[in-house]
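Let's take a walk through this structure together, one step at a time. Have the sequence and the 3D view at hand as you read.

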Amino acid sequence: PLVGSYETNSKPRVLVGTLMCDRKREGQMVSLRAIEKLDYDNFDVYINIQSSDPKKHFADVYQWAQIQEGKQIKVHIDTWEWDSTWSRKPEFDQDRARLVPICTARNMMLQAASTLGYDYLLQVDNDVIVPVNAIKELLNEDRPIVGGVVPGRGVHSHLKYLFGTLEKIDNNKTTVSYTTCGFVL
């Protein structure tokens, strides 16, 4: 946990964060539509938008945020710009430095959760549909880091992004050395 402990009598406060950027703005509402259905009553939302014009390119996100505020869900939105190769379509031999904005955004999300006093951070890529019971299930695992499998897309659809030492716990659970941060508490 970021602060406090899950073992207290109060429900942990969870910040559910998602990352968005101009290059992938067509799927901007996928995770948000799933997040608003989460069966947990002590979470808020953090949206990190890397964009040259967030109010124009992500108008639906801002409208969604206003609706959530009416439902008593606090929505934090960070916007920023970055001129890098990440803003262009990837090439086969492209430098891995194009991933710097993703790492930066994830670090911004972690800092926001910690600074704002949340107990946990659930990172959800903007094209991931989280199960309704995701927060409860992940908290019940009582592990410092736990997540769900994010399958690859397109030509990588056969991949599950589980790496290193794999230890099967049961039919639905596996311990791994490392994996994606696309759906992780």
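Predicted model: local features only at pLDDT ≥ 70, side-chain atom pairs only at ≥ 80, totals over all residues.

Strands of a sheet pair through backbone hydrogen bonds, in either a parallel or an antiparallel way. Here, 5 strands make up an open sheet with mixed pairing, and their order is β3-β2-β1-β4-β9. Which strands stand at the edges? They are β3 (75-80) and β9, and each has a single partner strand, so one side of each is left without a neighbour in the sheet.

Helices come next. Helix α3, residues 59-70, packs on the sheet and touches β1, β2 and β3; its direction makes about 160 degrees with that of β3. Helix α4, residues 100-115, lies across β1, β2, β3 and β4, and α4 runs at about 155 degrees to β1.

Finally, turn to the largest pocket, which has a volume of about 1,300 Å³. It is lined by 43 residues, of which Ile145, Val146, Gly147, Gly148 and Val184 are the closest to its centre. Several elements each supply at least two residues of this lining, among them β4 (120-124), α5 (134-140) and β9 (183-184). What classes of residue make up the lining of the largest pocket? There are 24 nonpolar, 11 polar and 8 charged residues.

Notes. Residues numbered from 1 in each chain as written. Heavy atoms only, no water. 1 Å grid on protein atoms, 1.4 Å probe; cavity = no way out; pocket = protein on both sides within 12 Å on 5 of 7 lines; lining within 4 Å. Points joined across faces, edges and corners; volume = space filled by probe spheres on them. Helix = DSSP H or I, 4+ residues; strand = E, 2+ residues; numbered from the N terminus. Nonpolar A, V, L, I, M, F, W, Y, C, P; charged D, E, K, R; others polar. Pairing = 2+ DSSP bridges. Contact = heavy atoms within 4.5 Å. Axes fitted to C-alpha atoms, helices over the stretch in contact; angles between N-to-C directions.
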